[in-house]
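Hello,

Here is the structure I promised to pass on. Please open it beside this email and follow along.

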Amino acid sequence: MRSAAGTIQVWSDLLCPFAYVAIHRLRRARAELGLDDEVRLDHRTFGLELFNGPHSRPGTDSEAVGLGQLEPEAGFRLWTAPDWTYPSTVLLAAEAVHAAKAQGLRASEDLDYALRRAFWLESKSIGHRHVILEVAAAVESVDAEALTEALDDGRARSEIMADHAIATTGAVQGSPHLFLPDGTGVHNPGITVHWEGPWASGYPVAQDNDPGWAERLLKRV
């Protein structure tokens with residue numbers, strides 16, 4: 001589990017709030033350090049729905065409430081669109097992130113971040129093709145026409161299942177899990193929580209919150 005030189009492998013699920021916080025902090029620290037052209041994020045899929053079935057909104061909502069207090073700048077919002085539009089699957093969106101790699105890692109990571117923000121800040125149903133392509137069209141680094149062709153012929157679909165095959169070995173502990181060029185792996189960096197009450201009906205309480213991990217990790221890479 002080694003990333004290429006100058007990259008960080010990010011294994012995650014698009015609807016995982018912990019992953020959104022980690023990616024937000026990485027991108028913010030990278031910009032502050034002036035490393036936007038030096039370090040890239042290589043997104044890989046840890047598909048929670050492939051382990052657990054359709055995404056559970058109550059669990060996602062309760063985690064977002066807790067994490068929004070730890071990282072207000074991330075802009076978490078609870079789902080405000082009609083309940084029936086909540087995405088129970090985001091595999092097609094993950095496929096789009098993989099497909100965008102043909103345009104470079106910058107295109108892929110910018111699309112990944114835009115999809116997460118569309119879900120968390122705007123309650124967009126990012127499981128749907130037209131929403132994915134609408135989000136992609138607004139991302140400067142992405143050629144939306146080329147992405148449409150790649151998404152429609154399914155050329156990146158096998159990469160999702162190849163990632164899942166790796167995830168099922170236990171090499172990836174969960175979402176998010178980051179791997180560096182030296183093989184170091186960090187699962188859910190900077191945040192440790194415990195649950196008050198049952199998962200999905202209770203809420204997470206932070207035992208440790210260290211935003212500084214992102215800067216230290218980027219300098220190491």
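Ser-123 is found in the loop between helix 5 (105-122) and helix 6 (129-137). Helices here are DSSP runs of H or I with at least four residues, strands are runs of E with at least two, and both are numbered from the N terminus.

First, some ground rules. This is a predicted model, so local features need pLDDT of at least 70 and side-chain atom pairs count only at pLDDT 80 or more, while totals for chains, interfaces and linings use all residues. Residues are numbered from 1 along each chain as its sequence is written, and side-chain values use heavy atoms, with hydrogens and water left out.

Back to Ser-123. Its phi is near 55 degrees, a positive value in a residue other than glycine. Most residues other than glycine have a negative phi, and most peptide bonds are trans. Ser-123 is buried, with a relative accessible area of 7%. Buried means under 20% relative accessible area, exposed means over 50%, and partly exposed is in between (1.4 Å probe, protein chains only).

Asn-188 also has a positive phi, near 45 degrees. Look for Asn-188 in the loop between strand 4 and strand 5 (191-196). Asn-188 is buried, at 15% relative accessible area.

Now the cis bond. The peptide bond from Ser-175 to Pro-176 is cis, with omega near 0 degrees. Pro-176 lies in the loop between helix 8 (157-167) and strand 3. Ser-175 is in the loop between helix 8 and strand 3. Ser-175 is buried, with a relative accessible area of 13%.

What does Ser-175 touch, leaving aside its neighbours within four places in sequence? Its contacts include Trp-11, Asp-13, Phe-46 and His-187. Contact means heavy atoms within 4.5 Å. A polar atom of the Ser-175 side chain lies 2.9 Å from the backbone nitrogen of Asp-13.

Four strands form an open sheet with mixed pairing, in the order 2-1-3-4. Strand 2 (40-45) and strand 4 (185-187) are the edge strands, and each pairs on one side only. Two strands pair if DSSP finds at least two bridges between them. Neighbouring strands of this sheet are turned by 20 degrees against each other on average, direction ignored. Axes are lines fitted to C-alpha atoms, for helices over the stretch in contact, and angles run from 0 to 180 degrees between N-to-C directions.

Strand 3 (residues 177-179) and strand 4 run antiparallel, joined by three bridges. Phe-179 has Gly-185 of strand 4 as its bridge partner.

Helix 1 (residues 17-33) lies across strand 1 (7-12), strand 2 and strand 3. Helix 1 runs at about 165 degrees to strand 2.

**The aromatic rings**

How many aromatic pairs does the structure hold? There are eight. Rings of Phe, Tyr and Trp (its six-membered ring) pair if their centres lie within 6.5 Å; planes under 30 degrees apart count as stacked, over 60 as edge-to-face and the rest as tilted.

The rings of Tyr-86 and Phe-119 have centres 5.7 Å apart and planes at 65 degrees, so this pair is edge-to-face. Tyr-86 lies in the loop between helix 3 (57-70) and helix 4 (91-99) and Phe-119 in helix 5, so the pair ties together parts 33 residues apart in sequence. Tyr-86 and Phe-119 are buried.

The rings of Phe-119 and Trp-120 have centres 4.8 Å apart and planes at 75 degrees, so this pair is edge-to-face. Trp-120 is buried, as is Phe-119. Ring pairs link a cluster that includes Tyr-20, Tyr-86, Phe-119 and Trp-120.

Best wishes

Key. Polar contact = N/O pair within 3.5 Å; in protein donor to acceptor, adjacent residues only side chain to side chain.
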